[in-house]
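Welcome to a short tour of a protein model. Take a moment to turn the structure around on your screen, and then let us walk through it together.

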Amino acid sequence: MAYFLQLVFAGAAQGCIYALIGLGFSIIFKASQVINFAQGELLLVGTYVVASAVLNWHLPFLLALPLGLLVTILIGLLFERLVLRRMIGRPPFTILMITIGLDIILRTLVVVGWGSRTIPAATPFTVTSGFNVAGVHLGSSDLWTIAVTIVLCAALYYFFRRTRYGLAMRATALDQEAALAMGIDVRTVYALAWGLAAAITTLGGVLLAIDSLAIDPNFGNAALVAFPAIILGGLDSISGAVVGGVIIGLTSVLTAGYESRLPAVVGTGLHEVTPYLIMILILLIRPYGLFGSRKVERV
């Protein structure tokens with residue numbers, strides 16, 4: 001039983017990380033109907049900046065983290081201001097290809113700036129930090145991951161329901177033309193969405209790096225693992241990204257924990273495909289995801 005509870009705790013923590021990364025996808029898609037394929041590389045740049053600030057520049061972790069967030073927020077804002085703003089009204093496929101271009105540019109810059117070697121991740125915790133309850137080890141990094149995700153979700157809930165810009169983002173997501181008619185500055189909403197998504201994704205990446213202990217230029221591929229979470233939850237749903245992330249995290253960790261007890265032909269690598277199998281199963285039942293909005297088209 002303790003082993004099962006240990007896997008559930010680890011899966012919940014990993015699911016929270018996927019939820020944070022997935023939130024970045026959802027916020028941008030909800031505001032601009034664009035899937036940002038550079039999300040993983042924003043995460044990559046942020047974790048490298050935090051690692052360099054701690055390990056090379058000897059800054060405390062609590063100063064390095066805001067620095068990493070600031071860098072990725074600036075990248076997101078500049079990309080939105082200099083590139084995407086000029087693409088308003090263009091086909092979504094064109095914008096999607098541009099985000100893929102940004103993805104390649106950011107990864108190349110990381111390789112040029114830091115090299116292709118694996119480097120240690122910045123972490124304020126030791127591997128053994130934490131405490132035990134009923135035979136279950138509650139690691140400090142996992143506890144902080146879950147706590148940060150809960151606080152951030154509560155803050156986002158307040159932001160989208162109680163603040164002027166949060167309501168403007170919701171209005172823009174529902175009907176861009178109506179939002180313009182009501183005097184909402186849609187361009188500011190887009191910029192806010194990109195900055196917010198970059199910060200949240202970077203935070204998820206830093207927490208994932210703490211868990212992984214090391215990073216390399218392929219670290220941004222973690223965003224692809226989080227992608228089933230937002231598809232499962234519903235691409236345009238903030239709450240769906242969180243629920244989907246937790247489901248994928250729990251499924252992946254529980255499968256990894258028990259797959260060694262299955263026949264080798266079935267169990268080997270099963271945890272890597274399980275999230276995608278869950279995603280396909282959910283989409284067969286609910287094509288727009290668990291919390292996604294069904295599109296209604298007038299003919």
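Let us begin with what is hidden inside. Of the protein's 299 residues, 47% count as buried. Keep in mind that you are looking at a predicted model.

## The overall picture

The protein contains 12 helices and 4 strands. Its radius of gyration is 19 Å, close to the 19 Å that the globule rule gives for 299 residues, so the protein is as compact as a globular protein of that length. Along the principal axes, the C-alpha atoms fill a box of roughly 60 × 50 × 35 Å.

What about the outside? The protein exposes about 15,300 Å², and carbon and sulfur atoms supply 68% of that area.

## The nonpolar core

Which residues touch the most other members of the largest nonpolar core? They are Leu-23, Phe-61 and Ile-215, in a core of 72 residues. Helix 8 (residues 186–212) gives the largest share of this core, with 12 residues.

Not counting residues up to four places away in sequence, Phe-61 touches Val-50, Val-54, Ala-122, Thr-123, Pro-124, Val-206 and Ile-210.

## One salt bridge

How many salt bridges does the structure hold? There is 1. In general, side chains of opposite charge can pair when their charged atoms come close. Here the partners are Arg-107 and Glu-41, whose side chains meet at 3.1 Å, N to O. Arg-107 belongs to helix 4 (residues 92–114) and Glu-41 to helix 2 (residues 39–55), so the pair ties together parts that are 66 residues apart in sequence.

Are the two partners buried or exposed? Glu-41 is buried, with a relative accessible area of 2%, whereas Arg-107 counts as partly exposed at 25%.

Now look for strand 2 (residues 130–133) and strand 3 (residues 136–139). These strands run antiparallel and are joined by 4 bridges. Asn-132 stands opposite His-137 in strand 3. The hairpin that the two strands form has 2 residues between them.

Most residues other than glycine have a negative phi. Ala-134 is not a glycine, yet its phi is positive, at about 55 degrees. Ala-134 is also exposed, with a relative accessible area of 72%.

Leu-213 is another residue other than glycine with a positive phi, near 75 degrees. You will find Leu-213 in the loop between helix 8 and strand 4 (214–215). At 47% relative accessibility, Leu-213 counts as partly exposed.

Asp-185 lies in the loop between helix 7 (176–181) and helix 8. Asp-185 is partly exposed, at 45% relative accessibility. Follow the chain to Arg-261, 76 residues apart from Asp-185, and the two C-alpha atoms are separated by 56 Å.

Val-186 lies in helix 8. Is Val-186 buried or exposed? Val-186 is buried, with a relative accessible area of 7%. Leaving aside neighbours within four places in sequence, Val-186 is in contact with Thr-172, Gln-176 and Leu-180. Its C-alpha atom and that of Thr-128, 58 residues apart along the chain, are separated by 47 Å.

## A threonine in helix 12

Thr-274 lies in helix 12 (residues 270–285) and counts as buried at 10% relative accessibility. Which residues does Thr-274 touch, not counting those up to four places away in sequence? Thr-274 touches Thr-251 and Thr-255.

## Burial at a glance

Here are some of the residues from our tour, to look up in the structure.

| Residue | Relative accessible area | Class |
|---|---|---|
| Glu-41 | 2% | buried |
| Val-186 | 7% | buried |
| Thr-274 | 10% | buried |
| Arg-107 | 25% | partly exposed |
| Asp-185 | 45% | partly exposed |
| Leu-213 | 47% | partly exposed |
| Ala-134 | 72% | exposed |

Note on methods:
Residues are numbered from 1 along each chain as its sequence is written. This is a predicted model: local features need pLDDT of at least 70, side-chain atom pairs count only at pLDDT 80 or more; totals for chains, interfaces and linings use all residues. Side-chain values use heavy atoms; hydrogens and water are left out. A salt bridge is a side-chain nitrogen of Lys or Arg within 4 Å of a carboxyl oxygen of Asp or Glu. Buried means under 20% relative accessible area, exposed over 50%, partly exposed in between (1.4 Å probe, protein chains only). A nonpolar core is a set of buried Ala, Val, Leu, Ile, Met, Phe, Trp, Tyr and Cys residues joined through side-chain atoms within 4.5 Å. Contact means heavy atoms within 4.5 Å. Two strands pair if DSSP finds at least two bridges between them. The radius of gyration is taken over C-alpha atoms; the globule rule is 2.2 Å times the number of residues to the power 0.38. Accessible areas come from the Shrake-Rupley method with a 1.4 Å probe; for residues, only the protein chains shown count as cover.
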